[in-house]
Amino acid sequence: MKYCSAGAGVTSRTQGKDQDQVLAWSARPSLVSLLSGALLRVRAAAEPAPAFQSVTAFAPATVANLGPGFDFLGCAVADASLSLGDTVTATLDPTLPPGTVSIASVTSPSRPHLAARLSKDPLRNCAGVAAIAALRALGVRSHAVSIQLTKGLPLGSGLGSSAASAAAAAKAVDALFGSRLGCDNLVLAGLESEKAVSGFHADNIAPAILGGFVLVRSCEPFHLVPLASPPGLRLHLVLVTPNFEAPTSKMRAALPKEVGVQQHVHNSSQAAALVAGVLQGDAGLIGSAMSSDGIVEPSRAPLIPGMAAVKAAALQAGALGCTISGAGPTAVVVIDGEEKGEEVGGRMVDAFWSAGKLKATATVAQLDRHGARVIAPTALG
């Protein structure tokens, strides 16, 4: 069994085909200083005692970028069955050396082949690294934790698969010791592993932890702005995921190194309109702004077979807006009422097949306002 001490400093970079879960070592001084500044303040307190024997936490899927909000806007989405996300169980394990984390199991009931692709080395798995970071932030030295990861999200899908694993792990470990970490520190713990996917940005991990819409105003200094939409906003989305992986590193490499002033002005105004739509509860404005990215989507869409036809089919079917979710290949649309979801999703699935020769699945989801949450604590025996 492999385990890792929570005293170890974990930084990482993308490596290998399953990049949203496989981690390696690298140095990033600015990130290390940022994390140590926030996390070490938490560790100054006395070592917390365990509050539970085990805790199971769920973290939802996320849609990053939302069109023009590249690397600074994201939202959490979930379905009623909580199948659209990842689950982690953290358990006190006296058989391990104190202050360490191990991964007891990785499963994926809906995609059995996926589990074999993910490492059980806690230093090479997003859930493991986030659990280590949370344990270190809490200052736990006298207890060890084993985790069980259940994947509900596919890899390389653009739905925040790595962020969901990291968020669920950080939340479960924190709850195991009495829920002492604030939201920012939970996000920072998740970022220790999330940065391995595509660099230091929080537009997946922040909404996975906080829920709802989140604006990442700044990374240094770290500043998140949750965007509170009116309670009456019942935002429904259709997520159409083709049988095709879009590695984040490849999709980021396709982005332009420079943009013109007019492109910058256009995208900035659309991002501002999207934020206004969220705050005003205007689904039409959210959808329209989301559809209007003039920089990132045009660079990435040609790398996803059939994406242009899929977007056209969605808009023709009555969607309020459509764009690529995260790095892709999932296409996300905003719809006016859940009842339209089946028709819009069906048209998009057909377009993926006819234009891109890709099989795809459609899921009707809604805005998840809760983020990572505990779903099953077990009392100390």
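Q: Is Arg141 buried or exposed?
A: Arg141 has a relative accessible area of 52%. Buried stands for under 20%, exposed for over 50%, and partly exposed for the range in between (1.4 Å probe, protein chains only). With 52%, Arg141 therefore counts as exposed.

Q: What kind of model is this, and from which number are its residues counted?
A: This is a predicted model: local features need pLDDT of at least 70, side-chain atom pairs count only at pLDDT 80 or more, and totals for chains, interfaces and linings use all residues. Side-chain values use heavy atoms, with hydrogens and water left out, and residues along each chain, as its sequence is written, are numbered from 1.

Q: Which residue meets Arg141 in a salt bridge?
A: A salt bridge is a side-chain nitrogen of Lys or Arg within 4 Å of a carboxyl oxygen of Asp or Glu. The N to O distance in the pair of Arg141 is 3.6 Å, and its partner is Glu47. The pair links distant parts of the chain: Arg141 is in the loop between helix H3 (126-138) and strand E8 (145-150), while Glu47 is in the loop between helix H1 (29-43) and strand E4 (54-64).

Q: How many residues apart are Arg136 and Glu192?
A: The side chains of Arg136 and Glu192 form a salt bridge at 2.3 Å, N to O. Arg136 lies in helix H3 and Glu192 in helix H5 (residues 183-198), so the bridge ties together parts separated in sequence. Both ends are buried, Arg136 at 12% and Glu192 at 2% relative accessibility. The separation of the pair in sequence is 56 residues.

Q: Which helix holds both Arg347 and Glu343?
A: Their side chains meet in a salt bridge of 3.3 Å, N to O. Arg347 is partly exposed at 39%, and Glu343 is partly exposed at 45%. Helices (H or I, at least four residues) and strands (E, at least two) are DSSP runs, numbered from the N terminus. The two residues are four apart, about one turn, in helix H12.

Q: Which residue in E10 stands opposite Leu215?
A: Strand E9 (residues 213-218) and strand E10 (residues 223-227) pair in the antiparallel sense over five bridges, where pairing requires that DSSP finds at least two bridges between the strands. They form a hairpin with four residues between them. Opposite Leu215 stands Val225.

Q: Which helix gives the largest share of the lining of the second largest cavity?
A: The largest share, three residues, comes from H10.

Q: What percentage of the contacts with a separation of 6 or more is between residues 24 or more positions apart?
A: The protein chain has twelve helices and 15 strands, and 59% of its 381 residues count as buried. Contact means heavy atoms within 4.5 Å. Among contacts with a separation of 6 or more, the share from residues 24 or more positions apart is 78%.
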